Amino acid sequence: MNLQGKTVLITGASRGIGRAIALKLATAGGNIAFTYLGSSQAEIKETEDALQQLDIKVKGFYSDASDFSSTEQVINDVVQEFGSLDILVNNAGITRDNLLLRMTEQDWYDVLNVNLNAAFNTVKASIKTFLKQRSGSIINISSIVGIRGNAGQANYAASKAGIIGFTKSIALELGSRNIRANVIAPGFIVTDMTNHLTESLQETWKKTIPLNRVGLPEDVANCALFLASDLSSYITGQVIQVDGGLLT
Ligand code: NAP
């Protein structure tokens, strides 16, 4: 799982699953570029400091993943400053949960813009670099909710289902150029995104997980490392659930 000399770009890696993926891929020797938007300076410094201790090249970029031109600028800067782009992880994500009856148009578009349109933005902006290199691994973070649906998350589920269709399509388009695209669909992972759920709801989720524990960001990061590395060189267009068996 050696990523020595490879350039990795992860969207939304200032905390949570994105940060865990950054640390895991950096431990394997990858140079890490990451984006953030609303995180505090303290959180960003903490992420950068942890990465810098691993003796790799690191740079954080303030950028809204849902903004096309800002994303294009970041990708251009990464390629210029790091010399390549080998692994792209679309991780940035938000929720605006509500029953459809109460969901506003803004809630719908905010979630679609960050969770789905952002993946289009990054892939569109990096495709020429991948084609020139004749290699690349794209890892898109979806959710089991994108496979199954979830009451109160119509916007989120639609965005995460969209990620799966998008990824399978680009895997078909780009496979002949040795560019792979896969999806990770996490289940219940302990991060800020799930911490705001009530204790009783968290307990209810936990009871339905066959492996009898909630997931950790590192569980998702381990899968990302596999998909980033050459150990997965014959795997593309796939959805890998990291959910302790929750959706089985
Ligand atoms: P989190 O702790 O809330 O972190 C979300 C990350 O996304 C933050 O780093 C945030 O950065 C970034 N972000 C949000 N909007 C952004 C934007 N417009 N531009 C750039 N970055 C943005 O969430 P998480 O649990 O780690 O989730 C990471 C991914 O896993 C998401 O795609 C989520 O849907 C997916 N997922 C999570 C779970 C779970 O149980 N936690 C389950 C399935 C799937 P800033 O703070 O700097 O804005």
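Colleague: Why is lysine 59 called partly exposed?

Modeller: Its relative accessibility is 32%. Buried means under 20% relative accessible area and exposed over 50%, with partly exposed in between (1.4 Å probe, protein chains only), so lysine 59 counts as partly exposed. This is a predicted model, where local features need pLDDT of at least 70 and side-chain atom pairs pLDDT 80 or more, while totals for chains, interfaces and linings use all residues. Residues are numbered from 1 along each chain as its sequence is written, and side-chain values use heavy atoms, leaving out hydrogens and water.

Colleague: What makes glutamate 81 and lysine 59 a salt bridge?

Modeller: Their side chains meet at 3.1 Å, N to O. A salt bridge is a side-chain nitrogen of Lys or Arg within 4 Å of a carboxyl oxygen of Asp or Glu, so this pair qualifies. The pair links distant parts of the chain, with glutamate 81 in helix H3 (residues 68-82) and lysine 59 in strand E3 (residues 58-62), 22 residues apart. Helices (H or I, at least four residues) and strands (E, at least two) are DSSP runs, numbered from the N terminus. Glutamate 81 is also partly exposed, at 36%.

Colleague: How many salt bridges are there in the whole structure?

Modeller: The search finds seven. Among them is the bridge between lysine 45 and aspartate 49, at 2.8 Å. These two are four residues apart in helix H2 (residues 41-52), which means about one helical turn between them. Another joins glutamate 203 and lysine 206, at 3.8 Å. That pair is three residues apart in helix H8 (residues 199-207), again about one helical turn.

Colleague: Which element gives the largest share of the shell around the ligand?

Modeller: H7 does, with three residues. In total 31 residues surround the ligand, and the closest include Leu37 and Thr191. A residue is near a molecule if one of its heavy atoms lies within 4 Å of it.
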